[in-house]
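Please look at the model first and then read the points in order.

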Amino acid sequence: MKRSLRDSLKLSFEFFPPRTVAAEKKLHGTVERLKLLQPDYFSVTFGAGGSTREKTFETAMAIRDMTGMDAAPHLSCSGSSLAALKEVIQDYKNNGFDHLVALRGDIPSGSVGGGALRYASELVELIRRETGDHFHIEVACYPEFHPQAESAEKDLENFRRKVAAGANSAITQYFYNADAYFRFTESCAAIGIDIPIIPGIMPITNRTQLARFSHACGAEIPRWILQRLYDFGDDMTALRSFGIDVTAKLCERLLEAGAPGLHVYTMNQHAASEAIWAELGLLQ
Ligand code: FAD
């Protein structure tokens, strides 16, 4: 890939806060490796797997200190009071962060979530109200539509609301059907959404975990992929090699068609991202 083209892409890696000392050590090793791939930033999830806001904060701080690079903590509003949200926003600002991923957070189906804010658009509004233009705000969006959305059209409208509230760019839920992304970005452009929409990429490395996540978040695994994953049985080497190839080809198609970057859900691993970068010619 030409250097000028590569430089114009927005590339990022997502981690979750480690729960044990051993996992923390491993994450630091992963971060050191992925730093060599020269991403624009690293992001750190909040709430996934029961992690706390403090852990997100600590992990983002550690990554920033270790790498000297931009780290964007995720912040979800579900279940939090207004005072708690205001405090955490100010905390991030006071500690030198200027990049956030603003989310609602997952609410178990059937429950109402609780907390002062109902939607991510309200969180974006709050961040802007409290800190003006200080933060670069990323939001989530869904090429295959959010599983709780009333309709595809309403989901698009709700995405537009987050942009109107002040989001600077968006990261998609992962998907394996490039056409869903193309169609989605076209629909966004048609209703005036003009912020970068970065494809979220989940490297295929593990069948059971992928099936579980996809079921929960509403991402479709095409039958031709799923069937092959089952056929590999316990042959993890063959499964990974197929999975990385499928993921890299997806990224290639997306970038060739003009996607503005890639955001990789790393699951705190480095090997898959490195293999994809190599296959895409993104290594410098
Ligand atoms: P919202 O934008 O609020 O949308 C949620 C639902 O409400 C959608 O169906 C939407 O159509 C609907 N909606 C929105 N506004 C309105 C309205 N005004 N009226 C009616 N309906 C409305 N989860 C975590 O817990 N921690 C993380 O760190 C995390 N990181 C993520 C990172 C990315 C890139 C992505 C794509 C997802 C992430 N998630 C994370 C998951 C996310 O929290 C869930 O997908 C959640 O269910 C929705 O979050 P949201 O910010 O998209 O919500």
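1. Basis. The model is predicted, so local features need pLDDT of at least 70 and side-chain atom pairs count only at pLDDT 80 or more, while totals for chains, interfaces and linings use all residues. Residues are numbered from 1 along each chain as its sequence is written, and side-chain values use heavy atoms, with hydrogens and water left out.

2. Shell around the ligand. The ligand is surrounded by 22 residues, a residue being counted if one of its heavy atoms lies within 4 Å. Phe 46, Tyr 142, Asp 155, Arg 161 and Lys 162 are the closest. By class, the shell has nine nonpolar, eight polar and five charged residues. Here Ala, Val, Leu, Ile, Met, Phe, Trp, Tyr, Cys and Pro count as nonpolar, Asp, Glu, Lys and Arg as charged, and the others, Gly among them, as polar.

3. Asp 106 has a polar side-chain atom 2.8 Å from an oxygen atom of the ligand. Asn 158 also places a polar side-chain atom 2.8 Å from a ligand oxygen. For Arg 104, a polar backbone atom is 2.8 Å from an oxygen atom of the ligand.

4. Cover. On its own the ligand has 970 Å² of accessible area, of which the protein covers 87%; the areas come from the Shrake-Rupley method with a 1.4 Å probe. Helix H6 (152–165) and strand S6 (169–172) are the elements that give two or more residues to the shell. H6 gives the most, with four residues. Helices are DSSP runs of H or I with at least four residues, and strands are runs of E with at least two.

5. Cavity. How many cavities of 30 Å³ or more does the structure hold? There is one. A cavity is a set of points on a 1 Å grid over the protein atoms alone where a 1.4 Å probe fits but cannot get out, and lining residues have an atom within 4 Å of a point. The volume is the space filled by probe spheres set on the points. The largest cavity holds about 40 Å³ of space. Its lining includes Tyr 142, Glu 144, Phe 175 and Cys 217.

6. Sheet. Nine strands form an open sheet with parallel pairing, in the order S7-S6-S5-S4-S3-S2-S1-S9-S8. Strands S7 (197–198) and S8 (200–201) stand at the edges with a single partner strand each, so one side of each is left without a neighbour in the sheet. Two strands pair if DSSP finds at least two bridges between them. S1 (residues 10–15) and S2 (residues 41–44) pair in the parallel sense over four bridges, and Ser 12 stands opposite Tyr 41 in S2.

Methods
A polar contact is a pair of N or O atoms within 3.5 Å; within protein, one must be able to donate a hydrogen and the other to accept it, and residues adjacent in sequence count only if both atoms are side-chain atoms. On a 1 Å grid over the protein atoms alone, a cavity is a set of points where a 1.4 Å probe fits but cannot get out, and a pocket is an open set with protein on both sides within 12 Å along at least five of seven lines; lining residues have an atom within 4 Å of a point.
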